[in-house]
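Hi everyone, thanks for making the time. I have one structure to share with you today, so let me put it up on the screen.

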Amino acid sequence: MDNENASCAYDDEENAQLSPLQRLPVEYSAVFQIFLHICSFLDGSTLVHGLSLVCKQFYQILKNANSLWKARINHIWPDASYPLLPPASPDELCWMLSYVTIKQETALWKQQESRKKRLFIKKKSGYMNNIMNAVSLMHVNGISHAVYTSKTHLFYKELPQRKELSYEIENFGRIKLTHSSGIRDLTAIDNTIYSCSMDPNVKSWMLTNTGLVHQRTYDLPRSDRFSSLWSPCMSSCPGPGRDLFATGLDCGTIYVFDSRSRNNPISHYRPHTRDVNSLAMNAEYILSTSLDKTVSVWDQRAGRTMKSITFPGKAHFPTCINMRRDLVFVGTRTWDKSRSWDFPKLHVLNPKDDFKLVKSYSTEHTKNITRVHLTHECLITSSEDGTVRISSLTDPPKPIATLRSEIGGINDMDYLNGTLAAVGSGIKVWCPKLTCSTKRVQRNNNK
């Protein structure tokens with residue numbers, strides 16, 4: 001009993017030392033509403049990086065004050081609904097973190113739009129004067145690298161640190177004749193890059209201190225039914241511990257490989273009747289688009305085609321696809337006799353609802369969309385019109401920034417850890433200048 005009384009007395013003494021603000025209830029009381037009203041006069045950065053760190057009580061109040069953060073997001077996008085697809089449960093979305101990420105990414109891309117100088121690797125005579133078809137960004141040992149292609153050659157370059165940023169770079173590594181025909185696409189797993197081309201094999205290259213070193217050649221089985229066999233596209237599973245990659249062929253077949261095992265594919269299937277032109281995959285599904293105007297969903301666990309999607313209306317030809325666990329974007333072009341391929345559109349599929357088509361949007365691109373990429377709070381699209389457009393993940397998407405290149409039409413684009421690279425008649429890289437708060441948000445997003 002004496003110990004209990006001593007403990008209670010200690011607790012009472014500790015509570016007595018707390019200020020009235022520190023004893024604020026988390027539930028909706030009058031004092032709680034007054035506290036939120038005071039917070040409404042402070043900017044978001046002060047609330048998140050200052051006030052929420054004062055004590056656990058302040059953190060819990062601000063974290064659970066969804067109405068505060070919803071109002072601030074609505075102020076940023078007054079004519080749009082956020083998020084684009086509603087979460088399955090109210091607790092699934094952290095509104096405070098979403099607000100901070102939106103503010104940081106919006107400021108970052110607007111900064112890029114206004115900057116006159118970018119990291120630009122110029123065209124040169126010889127190999128660099130050729131059109132580049134593919135680019136992939138890699139982050140190895142804390143250093144970012146760009147790997148890109150020109151015809152049958154691979155090029156690689158260590159990107160400079162942001163504090164040492166040089167805007168024009170001419171020195172780059174090159175591996176000649178990596179394939180017997182033009183390289184069409186690249187994908188990366190950890191420190192290894194995979195390339196596919198118009199010849200019947202896939203090759204892997206490890207990035208070392210001395211450059212790219214050839215590791216393995218994966219042979220694509222030939223079929224008597226198809227005289228032509230080449231790979232227009234590739235994809236790999238994102239995240240650590242994912243070792244699968246896939247390549248799509250001109251005959252409509254998709255081969256799946258395990259990078260840890262033998263050279264032969266571990267599975268294959270044929271969901272299309274024409275060329276596969278884009279792939280996206282995770283540990284559960286492989287999504288593919290084709291010139292036969294369909295999008296196929298392959299269930300890796302069940303080993304079967306789960307769904308085949310055709311977009312309604314005019315002839316929509318899917319050109320690119322990108323998948324997140326909660327969102328899928330498909331870029332299409334629409335044939336019109338009078339204006340040719342002048343109507344690029346974006347379509348949204350919901351992977352949590354049987355990959356149903358839930359939204360379709362027109363874009364400001366004037367030519368074919370070549371790549372779609374989803375960050376935590378932004379939609380990035382590149383186009384043959386020579387622009388990269390950054391948009392919000394709202395309904396409808398709202399423009400944030402338009403990045404214009406000096407490399408003509410963009411054939412491919414990749415994004416990794418805040419760095420964006422695009423290729424056409426050259427390669428252009430946008431390396432944002434990070435603030436301390438931006439770094440903090442990126443670390444949280446990468447966890």
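Predicted model: local features only at pLDDT ≥ 70, side-chain atom pairs only at ≥ 80, totals over all residues.

Residues are numbered from 1 along each chain as its sequence is written, and side-chain values use heavy atoms, with hydrogens and water left out.

Let's begin with the open space. On a 1 Å grid over the protein atoms alone, a pocket is an open set of points with protein on both sides within 12 Å along at least five of seven lines, a cavity is a set where a 1.4 Å probe fits but cannot get out, and lining residues have an atom within 4 Å of a point. Points are joined across faces, edges and corners, and a volume is the space filled by probe spheres set on them.

The second largest pocket holds about 600 Å³. Its lining has 25 residues, with R184, P232, N277, T319 and N411 nearest the centre. Which strands supply at least two lining residues each? Strands 7 (183-189), 11 (233-236), 15 (276-281), 19 (316-324) and 24 (369-374) each do; strands here are DSSP runs of E, at least two residues, and helices are runs of H or I, at least four, numbered from the N terminus. By class, the lining has 11 nonpolar, seven polar and seven charged residues. Nonpolar means Ala, Val, Leu, Ile, Met, Phe, Trp, Tyr, Cys and Pro, charged means Asp, Glu, Lys and Arg, and the others, Gly among them, are polar.

On to charges. The whole structure has 13 salt bridges, each a side-chain nitrogen of Lys or Arg within 4 Å of a carboxyl oxygen of Asp or Glu. One of them pairs R371 with D185, at 3.5 Å between the closest N and O atoms. R371 sits in strand 24 and D185 in strand 7, so this pair ties together parts 186 residues apart in sequence. Are these two residues buried or exposed? Both are buried, where buried means under 20% relative accessible area, exposed over 50%, and partly exposed in between, with a 1.4 Å probe and protein chains only. R324 and D326 also form a salt bridge, at 3.0 Å; here R324 is partly exposed at 24%, and D326 likewise at 31%.

Finally, the backbone. Most residues other than glycine have a negative phi, and most peptide bonds are trans. The bond from Y82 to P83 is cis, with omega near -5°, and P83 lies in the loop between helix 5 (66-76) and helix 6 (95-114). K293 has a positive phi, near 75°, in the loop between strand 16 (285-290) and strand 17 (294-299).
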